[in-house]
Amino acid sequence: MMRKPVAGKPGNARAAGLAQSGAPVPALIPGWDAPANVHAIMTTRAGGVSTAPFDSFNLGSRCGDDPAAVARNRALLRQSMPSDPVWLRQVHGATVIDAAARTAADPDPEADASYTHAAGTVCAVLVADCMPVLLAHRRGAAVAAAHAGWRGLSSGVIEATVKAMGVPPDEVAAWLGPAIGAQQFEVGTDVLDAFTRHDARAAVAFTPYPAGAGKYLCDLYALARQRLAALGVTSIAGGGYCTVSEPRFYSYRRDRTTGRMGAFIWIEA
């Protein structure tokens with residue numbers, strides 16, 4: 001099922017303005033159980049200056065786009081945030097960093113998730129089929145963003161991120177952003193094995209495709225919900241998107257040469 005952008009909560013006026021007015025860039029606003037001092041947005045491919053095949057709001061600096069266009073897109077995004085996002089060099093792993101501890105010597109550290117307890121620090125992940133997972137303490141003490149493709153998800157990036165937040169998991173709200181959908185994500189037995197070795201119950205997220213050929217359709221959203229629930233996270237929203245099927249999203253699997261969308265979260269001062 002395709003989801004439409006959800007209006008922001010009353011306390012999320014800045015982010016809600018992005019969705020409603022289109023300025024400075026269009027964005028999805030999570031509809032989830034986060035407190036009023038937590039702000040989160042998810043960009044699409046609309047609203048920027050990049051040309052084909054990166055058109056138009058590409059935020060990725062390592063996918064072949066004109067660096068000047070990426071810089072302009074990031075500058076447009078920055079207008080709606082309290083600080084520059086903490087960009088990561090994502091490697092499909094499970095390393096989590098404290099976003100507030102970023103240094104000038106390492107401005108985009110190698111990691112696949114970040115968290116913060118500091119107001120005004122913006123956690124960010126870039127995606128184009130992998131699943132962005134935003135996390136917020138429901139009393140506003142911590143937030144986090146994780147890049148959860150199948151490799152990171154199977155390696156425990158969600159578990160590592162929730163642990164790094166340092167708050168009880170049952171006080172955490174999660175939002176699952178646009179990712180490749182279950183009807184498009186064809187995988188092999190290596191992916192099935194990576195998850196079932198951790199928990200045999202993960203097999204329910206895999207549908208044989210076609211029968212007997214060693215291929216499966218994989219539901220990343222189901223796998224993420226399963227892992228969050230196992231941690232004790234009960235407030236889980238989002239899902240239901242498909243980056244491959246919906247042209248408003250970048251998709252590496254569909255297009256190969258393409259841009260990157262961003263998921264962002266911060267605590268308002």
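Visitor: I would like to start with strand 13: how many of its residues are buried?

Guide: Strand 13 is mostly covered, with 7 of its 7 residues buried. Buried stands for under 20% relative accessible area, exposed for over 50%, and partly exposed for what lies in between, using a 1.4 Å probe and protein chains only. Helices (H or I, at least four residues) and strands (E, at least two) are runs taken from DSSP and numbered from the N terminus.

Visitor: What should I know about the model itself before we go on?

Guide: This is a predicted model, in which local features need pLDDT of at least 70 and side-chain atom pairs count only at pLDDT 80 or more, while totals for chains, interfaces and linings use all residues. Residues are numbered from 1 along each chain as its sequence is written, and side-chain values use heavy atoms, with hydrogens and water left out.

Visitor: Which way do the side chains of strand 13 point?

Guide: The general idea is that side chains in a regular strand alternate between the two faces of the sheet. Here M261, A263, I265 and I267 point one way, G262, F264 and W266 point the other way, and all of them are buried.

Visitor: Which strands pair with strand 13?

Guide: In general, strands of a sheet pair through backbone hydrogen bonds, in a parallel or an antiparallel sense. Two strands count as paired if DSSP finds at least two bridges between them. Strand 2 (38-43) pairs with strand 13 in the antiparallel sense over 5 bridges, and A40 stands opposite I265. Strand 5 (123-127) is also antiparallel to strand 13, over 5 bridges, and there C123 stands opposite I265.

Visitor: Where can I look at an open sheet, and what is its strand order?

Guide: Look at the open sheet of 3 strands, whose order is 9-11-10 with antiparallel pairing. Strand 9 (186-188) and strand 10 (206-208) are the edge strands, each pairing on one side only. From one strand to the next, the twist averages 45°. Strand 10 is joined to strand 11 (residues 215-218) by 3 bridges, and F206 stands opposite C218.

Visitor: Which helix lies across those strands?

Guide: Helix 5 (residues 189-196) lies across strand 9, strand 10 and strand 11, at about 75° to strand 9. For such angles, axes are lines fitted to C-alpha atoms, for helices over the stretch in contact, and the angles run from 0 to 180 degrees between N-to-C directions. Contact here means heavy atoms within 4.5 Å.

Visitor: Which residues touch the most others in the largest nonpolar core?

Guide: A nonpolar core is a set of buried Ala, Val, Leu, Ile, Met, Phe, Trp, Tyr and Cys residues joined through side-chain atoms within 4.5 Å. The largest one has 70 residues, and W32, M131, L135, L153, F206 and I265 touch the most other members. Leaving aside neighbours within four places in sequence, M131 is in contact with residues including H147, L153, L176, P178 and Y221. A second, separate core has 15 residues, among them V25, L76, L126 and W266.

Visitor: What does the side chain of E246 reach?

Guide: A polar contact is a pair of N or O atoms within 3.5 Å; within protein, one must be able to donate a hydrogen and the other to accept it, and residues adjacent in sequence count only if both atoms are side-chain atoms. The side chain of E246 reaches the backbone nitrogen of C242 at 2.9 Å and the side chain of R248, also at 2.9 Å. E246 is buried, at 2%, in the loop between strand 12 (235-238) and helix 7 (252-255).

Visitor: Which peptide bonds are cis?

Guide: The bond from A52 to P53 is cis, with omega near 5°, and so is the bond from D55 to S56, with omega near 0°. P53 lies in the loop between strand 2 and helix 2 (67-78), and S56 has its place in that loop too.
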